[in-house]
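Hello,

Here is the structure we talked about handing over.

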Amino acid sequence: MIFNVRHITEIHYEAMIRLARFNLRLKPATWPGQRLIDYRLTVEPTPSAILTEEGPYVVNTSRMTISEPIVQLTIESSFAIEVNPAPLPTFETTPTIAEVRTSALAHRDLSPAGPAPYLFASLIAHAEPEIGSWANQFFRSGMPVFEAASALMHGIYDGFGYDSDATKVETTPMEAFRVRRGVCQDFAHIMIIALRSQGVPAAYVSGYLRTIPPPGEERLVGADATHAWVNIWCGDAIGWVGFDPTNNLIVENDHIFTAMGRDYADVAPVDGVFHGGAGQEMKVSVDVAPRELIEAR
């Protein structure tokens, strides 16, 4: 399946601001099962400088400077991408939690796609004993990691309510955990903390969902915006598998990978700083459609 993706970010400032610097993490990083066909980044007004680089995690970062005074900024990221994921493993073919824990701790791969960076606490996904204790019910001795991760995902989906008014970007995972409400970012962080408490490498993924569902299927929660889910390292033979606790789904055809990091702070689509005391308002619109559907219109 080939998808066309268009992501527009509009930032309005209450007064003139000067020397704005942004990090844009919008171009999809290289990932198995995906092939980026083309990519275009348009910024208005035109930046005085922009530098795109890889890393430090599985992410492409464009560092952008706007030197002239502005009151509005528009960033448009658009691309076509082919999604062809590998077949999913079964419970029986994945190693146990104990085997994954032992293998990850002994692993020598320290690259952005290796398990080591995703074993320990990070800026947002702190070690939280309360979440770890709650998660123990989903993990049994000798349990295959795929089965345990699926049980945890189901537990979050059944026990937490999707509520875009309950949390904000700055809400901590513990705050969302205690009210049992939140959005995809909150559920991903809670799942990551729970898995790391068991010694299982877990990463935060930023990406997109198909906006219009296939005929006869329900629309996924989180479409029309950037989405977040969790990648779990299931050993060398299988590698990373995506779990979407917001929709209670194993990641396959309808998810488009953009970036992977330890938590949201590593892969936020847009962040930055500016000189000035003005408030700001950000509006984001996302459209993800199969190319065949666009051509049929």
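A search of the whole structure finds 10 salt bridges (a side-chain nitrogen of Lys or Arg within 4 Å of a carboxyl oxygen of Asp or Glu). This is a predicted model: local features need pLDDT of at least 70, side-chain atom pairs count only at pLDDT 80 or more, and totals for chains, interfaces and linings use all residues. Residues are numbered from 1 along each chain as its sequence is written, and side-chain values use heavy atoms, with hydrogens and water left out.

Salt bridges

One of them joins Arg6 and Glu76, with the closest N and O atoms 3.0 Å apart. Arg6 is in strand β1 (residues 2–24) and Glu76 in strand β5 (residues 70–83), so the pair ties together parts 70 residues apart in sequence. Strands are DSSP runs of E, at least two residues; helices are runs of H or I, at least four; both are numbered from the N terminus. Arg6 is partly exposed at 44% relative accessibility. Glu76 is partly exposed too, at 23%. (Buried means under 20% relative accessible area, exposed over 50%, partly exposed in between; 1.4 Å probe, protein chains only.)

Arg140 pairs with Glu147, closest N and O atoms 3.6 Å apart. Arg140 is exposed at 52%; Glu147 is partly exposed at 23%.

Helix pair

Ala149, Leu152, Met153 and Ile156 in α3 meet Phe187, Ile190, Met191, Ala194 and Leu195 in α5 (contact: heavy atoms within 4.5 Å).

Regards
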